[in-house]
Amino acid sequence: MTEELEEMGPVDYLIVEFPGSRMTGEGLPLLVDLVERGIIRLIDLVFIRKDTDGSVTALELQELGDELGLTVFAGASSGLLDQGDLDEAGAALEPGNSAAVVVYENAWAAPLARALRRSGAQMVAGGRIAVQDLLASLESADTGA
């Protein structure tokens, strides 16, 4: 297992909230495309719901309906996520909403990560800048504030 981990690229996660639990499936073909082109490797895909009492429940794909075309993701579970992780993801949700929790390897970066590890370098931090923050920064720069 350690050897396999040494070969991996950086691993990220996303929590995508669906207000009112309305999932259209519109983005799913794009996720499949990223996997098929080898840009990412899907490690986990879990759908959750946050009830009005604040409790978080994992949803079975069958509960979401066949019209979303989720059967392609059946088995996309490494077992990495436990109820504590789902509860933490649920903390980001408004009550009554659902979400997809996606854990994925940035497969495109794996060759770079392997080369860095071989040379003794380590990735010691990472992060993400939200698009809203980029837009606010650019707007601030444009107005001279």
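Leu-112, Leu-116 and Met-123 form a nonpolar surface patch that together has about 270 Å² of accessible area, as given by the Shrake-Rupley method with a 1.4 Å probe, where for residues only the protein chains shown count as cover. The model is predicted, so local features need pLDDT of at least 70 and side-chain atom pairs count only at pLDDT 80 or more, while totals for chains, interfaces and linings use all residues. Residues are numbered from 1 along each chain as its sequence is written, and side-chain values use heavy atoms, with hydrogens and water left out.

**Surface patch**
- Leu-116, one of the patch residues, lies in helix H4 (residues 110-118) and is partly exposed, with a relative accessible area of 31%.

- Asn-106 sits in the loop between strand E4 (98-105) and H4, and counts as buried because its relative accessibility is 9%, where buried means under 20% relative accessible area, exposed over 50% and partly exposed in between (1.4 Å probe, protein chains only).
- Leaving aside residues up to four places away in sequence, Asn-106 touches Gly-9, Pro-10, Val-11, Asp-12 and Ile-39, contact meaning heavy atoms within 4.5 Å.

**Helix H3**
- In helix H3 (residues 83-90), Leu-86, Ala-89 and Gly-90 are buried; they cover an arc of only 100° around the axis, which puts them on the same side of H3, the arc being that of the directions from the helix axis to the C-beta atoms.
- The buried residues of H3 pack against strand E1 (11-18), strand E2 (41-50), strand E3 (56-59) and E4.

Note on methods:
Patch = residues over 30% accessible without salt bridge, like charges linked within 9 Å, V, L, I, M, F, W, Y side chains within 5 Å. Salt bridge = Lys/Arg side-chain N within 4 Å of Asp/Glu carboxyl O. Helix = DSSP H or I, 4+ residues; strand = E, 2+ residues; numbered from the N terminus.
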